[in-house]
Amino acid sequence: MKTQDYIDREQRYLASNYHPLPVVLNKADGCWVWDVEGHKYLDFLSAYSAMSAGHLNQRIQNALISQLNTLGVPSRAFYTDKLGAFAEKLCILSGMDQMLPMNTGAEAVETAIKAARRWGYQTKKIPKDKAKIIVSSGNFHGRTTTIVGFSSEAEYKRDFGPFDGGFVETPYGDLDALERIAADPHVCGYITEPMQGEAGIVMPPEGWLAEAQAICKKHNVLFIIDEIQTGLGRTGKDFAFQHEINNPDGLILGKALGGGVYPVSAFLASKDVMDVFDAGSHGSTFGGNPIAAAIGLEALSILEDEQLSLKSKTLGDYLKQSLIDMNSGYVRDVRGAGLWIGMDIDPDKISARTLCEQFKDEGILCKETHETIVRFAPPLTITKDEIDWALGRIRPILQSV
Ligand SMILES: Cc1ncc(COP(=O)(O)O)c(C=O)c1O
């Protein structure tokens, strides 16, 4: 079968909820992937930051296989030997007190919403069913009906209503607006990305995160950070919040926590917040199963042992500066942190999609977000030589304007 045959079959039998680049992958190793016709590409997307440890990472594979050969999914009706070790490591690394394991990112966000609301009723004494959660404009937290209900992106919610309510939007990065909304005594939490990924690698003003946390503290509002995309080294720190603050009240993780091979997500919080959950109040058949725990534990060990956050910072600074230095007429802005970079493309000159297709033809796989942003997020295990290889192919395209 050729490339087009695979594409035709997917298009015939799958819902059209994605718009993939026309390349059919069947093999990977490290930062490289291959298509069914044997072409080799440098992965500059890492499964939207899930594949930070690199494809076919030997340590992740060993953790998976050895766990598969020992104990699979007994459910949380019983204690198991790996979950405590995973939770302990993640709590120590993040500085949070306790974790509640789930599978996908959206499930961990839903967990945070439940925690914030219960804390609002039980601790802040908000009247029954009146709790409000603040969210940021331009947010992306997943695709459940509750979550898309508070998205500011019309297309994410079109004809999926009615929505729950209970959410108030504040302009991302605007501290005055946040202060006004947080003063409402019915507000229990503020859930936000520390830097916005799907919105197009949007960086808030410097100092914003620390100030936002102070405002939430002043008004007794939980400050909950969604680091599903920015966490685990992606922005040059273990967690993006560490660029400005010690600890939020709640932390949401996913993607790279599963080593790129298994859905592992978590909601972490201070003990007083996590205490709102009691037996039967929340759960998941697969959440925190031994395979997830073994992989999560190994993904965290790799992050530490291979100093991926430091690598992300050093190589990310280099990649970003090299892109800025290209001075491309297509590019209005280059921004980001660590190996998480967005190029804002001038739509009058070229579409982000067309650029991604041109990069693909030169052996680099990345993806547009919205019509005008190209995101670069290679595995954090990438080498400087591999980045130079990519720059050598990106430069002629960006300078062809
Ligand atoms: C910040 C953020 N939150 C939540 C999600 C949703 O995660 P999932 O697709 O695993 O449900 C994503 C996915 O891109 C994300 O970037």
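How far does a polar side-chain atom of glutamine 229 lie from an oxygen atom of the ligand? In this predicted model, the separation between that side-chain atom of glutamine 229 and the ligand oxygen is 2.8 Å. The protein covers 80% of the 390 Å² of accessible area that the ligand has on its own. The points below take the ligand surroundings and then the sheet with its helices.

**Ligand surroundings**

- The residues around the ligand are Thr104, Gly105, Ala106, Phe140, His141, Gly142, Glu193, Asp226, Ile228, Gln229 and Lys255, and by class this shell holds three nonpolar, five polar and three charged residues.

- Seven strands, in the order E4-E10-E9-E8-E7-E5-E6, make up an open sheet whose pairing is mixed.
- Strand E4 (98-102) and strand E6 (167-170) each have a single partner strand and stand at the edges, so one side of each is left without a neighbour in the sheet.
- From one strand to the next, the twist averages 20 degrees.
- Strand E8 (residues 222-226) and strand E9 (residues 250-253) run parallel and are joined by three bridges, with isoleucine 224 standing opposite glycine 250 in E9.

**Helices on the sheet**

- Helix H5 (residues 105-122) packs on the sheet, touching E4, E5, E6, E7, E8, E9 and E10, and its direction makes about 25 degrees with that of E10.
- Helix H8 (residues 175-182) also packs on the sheet, where it touches E5, E6 and E7, and its direction makes about 155 degrees with that of E6.

How values were computed
Residues are numbered from 1 along each chain as its sequence is written. This is a predicted model: local features need pLDDT of at least 70, side-chain atom pairs count only at pLDDT 80 or more; totals for chains, interfaces and linings use all residues. Side-chain values use heavy atoms; hydrogens and water are left out. A residue is near a molecule or strand if one of its heavy atoms lies within 4 Å of it. A polar contact is a pair of N or O atoms within 3.5 Å; within protein, one must be able to donate a hydrogen and the other to accept it, and residues adjacent in sequence count only if both atoms are side-chain atoms. Accessible areas come from the Shrake-Rupley method with a 1.4 Å probe; for residues, only the protein chains shown count as cover. Ala, Val, Leu, Ile, Met, Phe, Trp, Tyr, Cys and Pro count as nonpolar, Asp, Glu, Lys and Arg as charged, and the others, Gly among them, as polar. Two strands pair if DSSP finds at least two bridges between them. Helices (H or I, at least four residues) and strands (E, at least two) are DSSP runs, numbered from the N terminus. Axes are lines fitted to C-alpha atoms, for helices over the stretch in contact, and angles run from 0 to 180 degrees between N-to-C directions. Contact means heavy atoms within 4.5 Å.
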